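Subject: The structure I promised you

Hi,

Here is the structure for you to open up and look around in. Have it on screen while you read, and I'll walk you through what turned up.

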Amino acid sequence: RQVAERTADFAESEARFRLLFNSMTVGFALHEIICDAKGKPCNYWFLEVNPAFEEMTGLKNAEIVGRTVLTVLPKIENVWIERYGAVALTRQPQRFEEYSAELDRYYDVVAYSPRAGQFAVLVTDVSARRQLTSQLMRRTELQRLLVDMATRFINLPLPQCDAAINEEL
């Protein structure tokens with residue numbers, strides 16, 4: 001009877017975990033690092049991903065789990081493998097923001113190692129925020145240039161101001 005209760009408790013716990021995992025709004029993926037003969041990270045396996053990860057990356061669970069990143073994304077920047085390798089091998093977590101040219105997105109990433117040789121990532125697509133920040137920076141720079149030009153024209157004596165305006169036209 002205790003075995004039956006434990007089995008039922010385990011099944012209920014598993015169901016709660018799956019519901020939580022599949023309902024997260026942050027992308028989650030579990031990976032295993034692959035090292036070359038010298039122990040240097042050179043690739044990694046996709047072990048599990050949640051629906052939010054699929055949505056943020058466009059990579060579908062059924063197409064990537066059990067495959068390596070270099071099979072799925074052959075042009076992936078080496079920085080991803082290096083950073084994740086460091087996390088999996090040292091077990092030291094990292095948080096960073098990085099651009100993926102192959103996915104054409106910026107991601108805020110928290111990477112940690114739940115077990116030696118593995119790493120898990122929590123990812124948030126921050127592309128829209130990065131684009132907005134870039135636009136604001138360009139707008140600020142343009143405003144600075146306009147103020148600088150206006151200041152220069154205001155400080156010119158009148159005949160020089162007319163000549164400067166005519167040169168600009």
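Let's start with the side chains of Tyr99 and Asp104, which make a polar contact at 2.5 Å. Bear in mind that this is a predicted model, and that goes for everything below. To find Tyr99, look in strand E3, which covers residues 94-100. Is Tyr99 buried, partly exposed or exposed? It counts as partly exposed, because its relative accessible area is 29% and that class runs between 20% and 50%.

Asp104 isn't the whole story for Tyr99. If you skip the neighbours within four places in sequence, Tyr99 is in contact with Glu77, Trp80, Asp104, Arg105 and Tyr106.

Next, hop over to Asn43, which you'll find in strand E2. Asn43 has a relative accessible area of 11%, and since anything under 20% is called buried, buried is the word for Asn43. What does its side chain reach? Another is the backbone nitrogen of Val69, which lies 3.4 Å from a polar atom of the Asn43 side chain. Leaving out residues up to four places away in sequence, Asn43 touches Ile33, Ile34, Thr68, Val69, Leu70 and Ile81.

Now for the empty space. Rolling a probe the size of a water molecule over the atoms shows where such space is left. How many cavities of 30 Å³ or more are there? The count is 1, and the largest cavity has a volume of about 180 Å³. It is lined by 17 residues, and those closest to its centre are Tyr44, Phe53, Trp80, Tyr84 and Leu103. Two or more lining residues come from each of strand E2 (41-49), helix H2 (51-57), helix H5 (78-90), strand E4 (105-112) and strand E5 (118-125). By type, the lining has 14 nonpolar residues, 3 polar ones and no charged ones.

Last, a word on confidence. The average pLDDT for the protein is 84, with 69% of the residues scoring at least 70. Where is confidence highest, and where is it lowest? Helix H4 (residues 69-72) comes out highest, at 98, while helix H7 (residues 158-168) is lowest, with a mean of 59.

Conventions:
Residues are numbered from 1 along each chain as its sequence is written. This is a predicted model: local features need pLDDT of at least 70, side-chain atom pairs count only at pLDDT 80 or more; totals for chains, interfaces and linings use all residues. Side-chain values use heavy atoms; hydrogens and water are left out. On a 1 Å grid over the protein atoms alone, a cavity is a set of points where a 1.4 Å probe fits but cannot get out, and a pocket is an open set with protein on both sides within 12 Å along at least five of seven lines; lining residues have an atom within 4 Å of a point. Grid points are joined across faces, edges and corners, and a volume is the space filled by probe spheres set on the points. Helices (H or I, at least four residues) and strands (E, at least two) are DSSP runs, numbered from the N terminus. Ala, Val, Leu, Ile, Met, Phe, Trp, Tyr, Cys and Pro count as nonpolar, Asp, Glu, Lys and Arg as charged, and the others, Gly among them, as polar. Buried means under 20% relative accessible area, exposed over 50%, partly exposed in between (1.4 Å probe, protein chains only). A polar contact is a pair of N or O atoms within 3.5 Å; within protein, one must be able to donate a hydrogen and the other to accept it, and residues adjacent in sequence count only if both atoms are side-chain atoms. Contact means heavy atoms within 4.5 Å. pLDDT is the predictor's confidence in each residue, from 0 to 100.
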